[in-house]
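Here's a quick tour of one protein model, written for someone new to reading structures. Keep the 3D view open while you go through the points.

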Amino acid sequence: MSLIDLDNKKLASAVSSFQVPAKPQILIDIQKLMAEDEPDIDKIALLISNDVGLSSAILKVINSPLYGVNRKVSKIKHAVMALGLRGVNGLVVALLLKSSIQGTSSISLEHFWDNAIDIANAMSFIGGEIDSKIPVDTLYSIGLFHNCGMPILALRYSDYDDILAEASRLALNSLALEELHYNTNHAVLGYYVATSWNLPSEICQIILRHHEVDYLAEITDSKEQLAFAILKAAENLIEQVRRQSVTPDWQYVQEAVFDVLGISAMDYSDLEDGYTLVY
C-alpha cells in the first residue's frame with residue numbers, strides 16, 4: 001500500500017475494524033464559531049472555558065516555555081487572544097485527540113503520550129532555535145500526532161507491544177512489521193485520524209509520510225520538508241536525551257536533515273544540550 005496516494009476506499013478498508021475516535025462535538029462547535037466571517041472571541045473562550053479539562057490543558061501549554069509569555073495567563077480569553085484563532089484551533093485539536101484515544105491497550109498510553117509530548121516540545125524548541133517561521137502550534141501538532149496511529153493499533157491488537165519490541169530489537173521503524181501482521185500501519189491510521197479531524201493538509205501529509213526516509217532526497221525548500229526535518233531531528237533528540245540511543249530512521253536522514261535545517265552536527269549537539277537545559 002502506497003504511503004503517498006491513498007484514496008478514500010483504501011482508507012475505509014484499512015481502518016474499518018479500528019477504534020478511531022470520532023470528532024468531538026465541542027471541536028465541531030469551536031470550529032463553527034471560528035469559521036464565521038467575524039469570529040467572536042468571547043463566545044469561543046466561553047465554549048472552551050466550559051470544558052474544565054480542555055481549558056486547564058490550554059492554560060498549562062500557553063504558560064510553558066514554548067510560548068515565552070511575559071506573565072502568567074490565567075484566563076482563557078487572554079489565552080485565545082495570545083494564541084490567535086489558528087493557534088487555538090491547533091491546540092484544541094491536539095488536546096482533544098489525546099484525551100479521545102483511550103481504552104484497554106497493549107502499550108502504556110501514558111508512556112506513549114509522554115513521549116509524544118516530549119517530541120512536540122522538542123519540535124517547538126528546534127523550530128524556535130533555527131527561526132523556522134513555522135507556527136508553534138503546527139510544530140506542536142505534528143510532534144504530538146505523527147505516531148497517533150500507534151495507540152489505535154495497540155487498542156486493537158494485544159500483541160502490538162511484541163511488534164514494537166521486535167522492531168526495536170531489529171533497529172527498524174515498525175511500519176514493515178505492522179503491514180506484515182495487520183495489513184496496515186500506524187502512518188496510514190494516523191493519516192486517517194488527522195484527515196477525519198480536519199487537521200491542515202500539510203500536517204496530514206507529514207503524518208502519512210513521516211517514515212519515508214527518501215522524503216528529503218530532493219530538497220525543495222518547502223515548509224513541508226522543513227517541518228519533516230524538524231520532526232526527524234526532534235525524534236532523534238528525544239531518543240538521545242531520554243534513552244541515549246538513536247532512532248532507526250536517523251542514519252538515513254541525518255545529513256539531509258542538517259542540510260534542510262541549515263545546521264552542522266555540532267549545532268545539533270548544541271541543540272541537545274539546550275533542550276536538557278530548557279525542559
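**A buried lysine**

K232 touches H210, H211, D249, W250, V253 and V257, leaving out residues up to four places away in sequence; a contact means heavy atoms within 4.5 Å. Keep in mind that this is a predicted model, where local features need pLDDT of at least 70, side-chain atom pairs count only at pLDDT 80 or more, and totals for chains, interfaces and linings use all residues. Residues are numbered from 1 along each chain as its sequence is written, and side-chain values use heavy atoms, with hydrogens and water left out.

- You'll find K232 in helix α13, residues 223-243. Helices (H or I, at least four residues) and strands (E, at least two) are DSSP runs, numbered from the N terminus.
- K232 is buried, with a relative accessible area of 2%. Buried means under 20% relative accessible area, exposed means over 50%, and partly exposed is in between (1.4 Å probe, protein chains only).
- A polar atom of the K232 side chain lies 2.7 Å from the backbone oxygen of H210.

**The whole chain**

- The protein chain has 15 helices and 0 strands.
- For 279 residues, a compact globule would have a radius of gyration near 19 Å, and the protein chain agrees with its 19 Å. That radius is taken over C-alpha atoms, and the globule rule is 2.2 Å times the number of residues to the power 0.38.
- Its C-alpha trace spans about 50 × 45 × 35 Å along the principal axes.
- Of the 279 residues, 50% count as buried.
- Take the contacts in the protein chain with a separation of 6 or more: 67% of them come from residues 24 or more positions apart.

- Which residues of α9 (residues 160-169) are buried? They are Y160, I163 and A167.
- Cover for the buried residues of α9 includes α8 (149-156), α10 (175-182) and α11 (186-196).
- On the face turned away from the buried side, α9 carries the exposed residues S168 and R169.

**Two positive phi angles**

- Most residues other than glycine have a negative phi.
- A171 follows α9 and has a positive phi, near 55°. It lies in the loop between α9 and α10, and at 46% relative accessibility A171 counts as partly exposed.
- N183 isn't a glycine either, yet its phi is positive, about 60°.

**Cysteines**

- A disulfide is a covalent bond between the sulfur atoms of two cysteines.
- How many disulfides are there by the distance rule? The count comes to 0, with a disulfide taken as a pair of cysteine sulfur atoms within 2.5 Å.
- For C148, the closest cysteine sulfur is in C204, 9.4 Å away, so it's too far for a bond.
- Both cysteines are tucked away: C148 is buried at 1% relative accessible area, and C204 is buried at 3%.

**A serine in a loop**

- S64 lies in the loop between α4 (52-62) and α5 (76-100).
- Is S64 buried or exposed? At 18% relative accessibility, S64 counts as buried.
- A polar atom of the S64 side chain lies 2.7 Å from the backbone oxygen of V61.

Technical notes: Polar contact = N/O pair within 3.5 Å; in protein donor to acceptor, adjacent residues only side chain to side chain.
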